[in-house]
Amino acid sequence: MDTFHIEGPVRLEGTIDISGSKNASLPIMAAAILAPGTTILRGVPRLSDISVLKQLLERLGAKVDRDNGDWQIDTSRIDNPVGEYEILRKMRAGICILGPLVARCGRAEVSMPGGCAIGDRPVDIHLHGMRELGAKIYLENGNIVATAEGGLRGKRIFLGGPFGSTVLGTANVLMAATLAKGTTVIESAACEPEIEDLANCLNAMGAKISGIGSPRLTVEGVTSLRPVEHRVIEDRIEAGTFMVAAGITGGRLRLRNCRLEHLLAVVDRLERIGVTVEATEDGCVVTRTGRIKPADVTTQPYPGFPTDLQAQLMAMLALADGNSVITEKIFPDRFMHVAELNRMAANLRKEGPSVIVAGVQRLIAAPVMASDLRASAALVLAGIAARGKTIVNRVYHIDRGYERIEEKLNAAGAKILRKSE
Ligand code: EPU
């Protein structure tokens with residue numbers, strides 16, 4: 001198991017290229033199931049989560065190859081519409097094969113994902129949406145069995161839940177609806193850029209989706225889709241993580257290949273905290289020269305502040321001149337990093353779905369444990385800013401969602417050593 005040994009503090013300065021989006025790539029790879037033939041995807045990052053989805057698609061019967069950085073997904077044959085527990089337990093996002101499999105094969109059997117470090121993560125809304133489209137769904141041996149022998153039928157479907165919209169739930173129902181008979185209207189659809197990218201890719205495949213980017217998606221069902229070539233969007237969460245990296249170290253980072261329009265809530269918060277974000281032709285330059293100011297932050301569905309950047313921002317606010325309150329409205333238990341940051345001399349106190357962050361003068365290095373992807377990123381950033389040598393254990397969490405993070409940060413002056421132990 002790899003660990004990171006991080007020497008701090010350092011001030012980051014340099015240029016970082018943002019990779020393609022993990023959370024856009026995963027459902028778009030699944031969308032290839034809907035279009036028999038070879039779909040070519042560009043910009044898909046090299047991450048362990050992507051390898052898990054590759055494995056899942058191969059078990060279904062697809063051929064998946066990477067050539068010169070492009071993924072070729074040949075779905076001419078999909079003869080085993082089964083998502084096994086052995087794979088789904090590694091990555092919950094594997095649930096996004098459910099909608100495309102039912103639409104293409106009239107049947108799917110996909111392991112019910114379990115909970116994870118960031119909370120319960122139910123899939124009831126995915127199943128509600130699939131039922132509304134006419135699928136029969138039952139649970140057997142921990143598997144979701146979905147059948148639609150006469151095909152799916154379009155309908156007006158409300159997809160909101162207790163915490164707002166659902167990203168992968170919207171992806172599943174949207175993909176299934178493309179091949180349903182008649183018109184589907186998805187109300188309270190997720191508006192995340194990753195869903196927009198998926199919808200654009202589906203339209204390129206021949207789907208008829210309108211309202212893209214809004215909470216009401218209208219889908220006119222078609223009888224078939226064709227494979228396409230598609231470039232996935234840039235990873236806004238990776239970009240946001242590096243923005244915080246510049247901020248927490250009082251540094252200056254130029255981020256290339258990043259779309260600020262996907263990060264408006266993040267830029268708004270960062271600027272209040274004292275970080276400057278200047279747009280450039282292909283991204284932005286992020287700088288902090290003054291002290292870190294405290295701020296209150298609440299995570300929300302897009303276009304609000306993303307839950308996937310909550311932990312990283314907390315690491316930075318731990319060093320603010322005053323008290324901040326961070327409230328988590330998407331995954332109220334997503335606070336595994338709190339105890340670890342406190343081991344590094346932060347002063348954080350959890351109160352229900354909020355954390356009171358009392359700013360401290362400095363963070364002090366310590367051995368810490370990564371618990372999930374974004375929590376690990378927060379610990380890496382804290383380690384770069386802390387005095388001494390921080391050891392981050394269980395780095396495999398970070399490899400799930402950040403492409404070569406230590407190389408990118410080291411090129412900007414960080415001192416991160418990966419050790420296999
Ligand atoms: N929810 C339900 N029922 C459902 C589905 C969701 O109650 O059937 C609840 C969830 O428990 C949560 C809220 O709805 O409280 C939103 O969850 P959502 O379904 O949107 O999450 P997801 O689609 O499973 C994606 C990202 C996550 C990101 C969330 C929120 C992918 C592969 N994953 O998950 O990314 O945190 O949206 O933006 O796109 C990450 O990259 O680190 C990560 C966890």
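Strands β6 and β7 (residues 107-111) run parallel and are joined by two bridges, where strands are DSSP runs of E of at least two residues and helices are runs of H or I of at least four residues, all numbered from the N terminus. Within this pair, G83 stands opposite V110 in β7. Two strands are taken to pair if DSSP finds at least two bridges between them. The pair belongs to an open sheet of four strands with mixed pairing, in the order β6-β7-β9-β8. Because β6 (82-83) and β8 (136-140) stand at the edges with a single partner strand each, one side of each has no neighbour in the sheet.

The model is a predicted one, in which local features need pLDDT of at least 70 and side-chain atom pairs count only at pLDDT 80 or more, while totals for chains, interfaces and linings use all residues. Residues are numbered from 1 along each chain as its sequence is written, and side-chain values use heavy atoms, with hydrogens and water left out.

A further open sheet of four strands, again with mixed pairing, has the order β18-β19-β21-β20. Its edges are β18 and β20 (347-351), each with a single partner strand, so one side of each is left without a neighbour in the sheet. β20 pairs with strand β21 (residues 354-358) in the antiparallel sense over five bridges, and the bridge partner of R349 in β21 is I356.

The chain is divided into domain 1 (2-17 + 234-420) and domain 2 (25-231), with bounds that come from an automatic or database domain assignment. Their C-alpha centres lie 31 Å apart. Across the boundary, 18 residues of domain 1 are in contact with 17 residues of domain 2, contact meaning heavy atoms within 4.5 Å.

| Residue | Protein atom | Distance to a ligand oxygen atom |
|---|---|---|
| K22 | polar side-chain atom | 3.1 Å |
| R121 | side-chain N or O atom | 3.0 Å |
| I330 | backbone N or O atom | 2.5 Å |

On its own the ligand has 830 Å² of accessible area, of which the protein covers 91%, with areas from the Shrake-Rupley method and a 1.4 Å probe.

Some backbone details remain. Most residues other than glycine have a negative phi, and most peptide bonds are trans. The peptide bond from G8 to P9 is cis, with omega near -5 degrees, and P9 lies in the loop between β1 (2-8) and β2 (13-17). Another cis peptide bond joins Y302 and P303, with omega about 10 degrees; P303 is in the loop between β18 (297-298) and α10 (310-317). N141, which is not a glycine, has a positive phi near 50 degrees and is found in the loop between β8 and β9 (143-147).

Technical notes
A polar contact is a pair of N or O atoms within 3.5 Å; within protein, one must be able to donate a hydrogen and the other to accept it, and residues adjacent in sequence count only if both atoms are side-chain atoms.
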